[in-house]
Amino acid sequence: MIDERHEELAALHAFDLLEGAELAAFESALAADPELRALVASLRATTAGLAFSAPAVPPPSPALRARILNSAVPVPAADSPAYVLPFAPPPWLGWAAAACFFFAAVFFAGKSFNVRGQLQFALEAERVARLEAGTVKNLLEAERLLSRAQLDRLASSERLVADLRREAGVANLKIASLKSLAGNSPEARAIAVWSPDRQEGVLVVSNLPALDLDKDYQLWVIDPQYPIPVDGGVFTVDAATGEARVNFKPGKAVATAQVFAVSLERKGGVPKAEGPMMLISN
Amino acid sequence: MSDSSSIDAAPAADDSRHAFDAELLRRAGAGDQSALGELYDRWVRPLHALACNVLRDPAESEDVLHDVFVTLWQKAADFDASRGHAFSWAATLTRNRAIDRLRSRARRAELLAQAAPADLGYDETNTPADGGDTTWLKEKASAVRQALSSLPADQRDALQLAYFGGLTQQEIAGKLSQPLGTVKARIRRGLLKLRDLVAPQL
């Protein structure tokens, strides 16, 4: 007999609405209970049937069929063409991810040494873990560029610290950590990696408060050559974790990215910061 | 659409149709391109409607369909008919790819603003256009829509947002302005009822 709680989880699972610990716990229960598996299978078949309830739309272009059949060609076993990446990530992204990982670790390790008591230490360690989890996304993308051996070394050895510092320098990247100075988001942290050469950057944030529907976070790049900060674009965060990973490209050429800042603004962003400053780099 | 080696006529009965789909998928898995073409002809309408209802963008929906059919071609050999119908597999793949694409747009707030039960609701008058092998599609659509119409509106809205909206539990609750627990209960009750109503016809 399946109780209501498990029926509810099964229904949510059928819609792929379970996440995190709730999903892991349910999948454990699923593995151990054939009756529950049968329920999930029947509910999944039902959800798939909802496809039939979609209102009809004009048919796709006639060329789509030919396009698909042209793509459905067996790959020859020999003399196959060289593998081409489906997209080309920025060449500095690998080093950005590596440097981000390194600086996040150094930043929080340094902080943890300065705080008093084991409790504070544990809190800092948790923050580090959260940011490191965020950088995993970068590392996954970097995997295309970095060899497996390099990644293994990165994950396990401190010997790379010097290498990373040198490589970040070679790549001419600016790394900045952002935190709250106003005290309105004391748990929030971010790392910005900026490539002056490409005029692009990556921002990884965690623990920012969930946004109201009419709000966005907006990134600013402070360059002394401009009287007001340069707009780096708006972004949202995961409502549950406050995390986000944002590739940004400011609208103006940035000569010196002196400071990065994040403010809370109305939906869509503003040309000049109006809302409270949530994070700022030192 | 099919060449001389393909099966000549689709069986009318559901079991036969499912078996025919599975056979086409098996042939596609063995490298028979004409079988993939037949699957495309049989499934493209409902899968396209599904992708369009998730993405609200015909061009992106075509990209999703391209991705889905190429994946079916590559993974057809992995299909296990004992675990479900071939069309269910294709529909699940299409929905997942469409939602992945929706989420990759990195504009969750915009998504929230777009997704509305009223927009996602069925319209009994909005049936597939004539042409091709659409009788079965009309029958299925009619059965699922009738079943949905028999559910309380709050349960129907919750199910449609959960399926087409690409939202999280919390976002669905926010969209419906209901506590999360209420929304979960509506999804549970609605889906169990829908299963009892449509399972024999899917």
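Author: The model is predicted.

Reader: Which other strand pairs with β1(A), and over how many bridges?

Author: Strand β1 (residues 174-179) of chain A pairs with strand β2 (residues 189-195) of chain A over six bridges, in the antiparallel sense. A:Ile175 has A:Val193 in β2(A) as its bridge partner.

Reader: Why is β7(A) called largely enclosed?

Author: A residue is buried if 20 or more other C-beta atoms lie within 10 Å of its own. Strand β7 (residues 259-266) of chain A has eight residues, and six of them are buried. So β7(A) is largely enclosed by the rest of the structure.

Reader: Which strands pair with β7(A)?

Author: Strand β4 (residues 215-222) of chain A pairs with β7(A) over eight bridges, in the antiparallel sense. There A:Asp216 stands opposite A:Glu265 in β7(A). Three bridges join β7(A) to β8(A), and these strands also run antiparallel. A:Ala261 stands opposite A:Ile280 in β8(A).

Reader: What is the order of the strands in the open sheet?

Author: The order in chain A is β5-β4-β7-β8-β1-β2-β3-β6. That is an open sheet of eight strands with antiparallel pairing. From one strand to the next, the twist averages 20°.

Reader: Why are β5 and β6 of chain A called edge strands?

Author: β5 (230-235) and β6 (244-248) of chain A each pair on one side only, so they are the edge strands.

Reader: How many helices and strands are there in chain B?

Author: Chain B has ten helices and zero strands. Of its 202 residues, 43% are buried. Take contacts in chain B between residues at least 6 apart in sequence: 66% of them join residues at least 24 apart.

Reader: Why are α9(B) and α10(B) called roughly perpendicular?

Author: Angles of 65 to 115 degrees count as roughly perpendicular. Helix α9 (residues 169-176) of chain B and helix α10 (residues 180-198) of chain B pack at about 100°. Therefore they are roughly perpendicular to each other. Their axes are 9 Å apart. Among the residues in contact are B:Ile172 of α9(B) and B:Val183 of α10(B). By class, this contact has five nonpolar, two polar and one charged residues.

Reader: How many residues does each chain bring to the contact between chain A and chain B?

Author: Chain B gives 54 residues and chain A gives 40 residues. Several helices of chain B each supply at least two residues, including α3 (58-75) and α4 (86-104). The largest share of this side of chain B, twelve residues, comes from α2(B).

Reader: Which classes make up the side of chain B that touches chain A?

Author: That side has 31 nonpolar, 14 polar and nine charged residues.

Key: Residues are numbered from 1 along each chain as its sequence is written. Chains are lettered from A and ligands numbered from 1 in the order in which they are written. This is a predicted model: local features need pLDDT of at least 70, side-chain atom pairs count only at pLDDT 80 or more; totals for chains, interfaces and linings use all residues. Helices (H or I, at least four residues) and strands (E, at least two) are DSSP runs, numbered from the N terminus. A residue is buried if 20 or more other C-beta atoms lie within 10 Å of its own, exposed if 12 or fewer, and partly exposed in between; C-beta atoms are placed from the backbone. Two residues are in contact if their C-beta atoms, placed from the backbone, lie within 7 Å. Axes are lines fitted to C-alpha atoms, for helices over the stretch in contact, and angles run from 0 to 180 degrees between N-to-C directions. Angles under 35 degrees count as roughly parallel, over 145 as roughly antiparallel, 65 to 115 as roughly perpendicular and the rest as oblique. Ala, Val, Leu, Ile, Met, Phe, Trp, Tyr, Cys and Pro count as nonpolar, Asp, Glu, Lys and Arg as charged, and the others, Gly among them, as polar. Two strands pair if DSSP finds at least two bridges between them.
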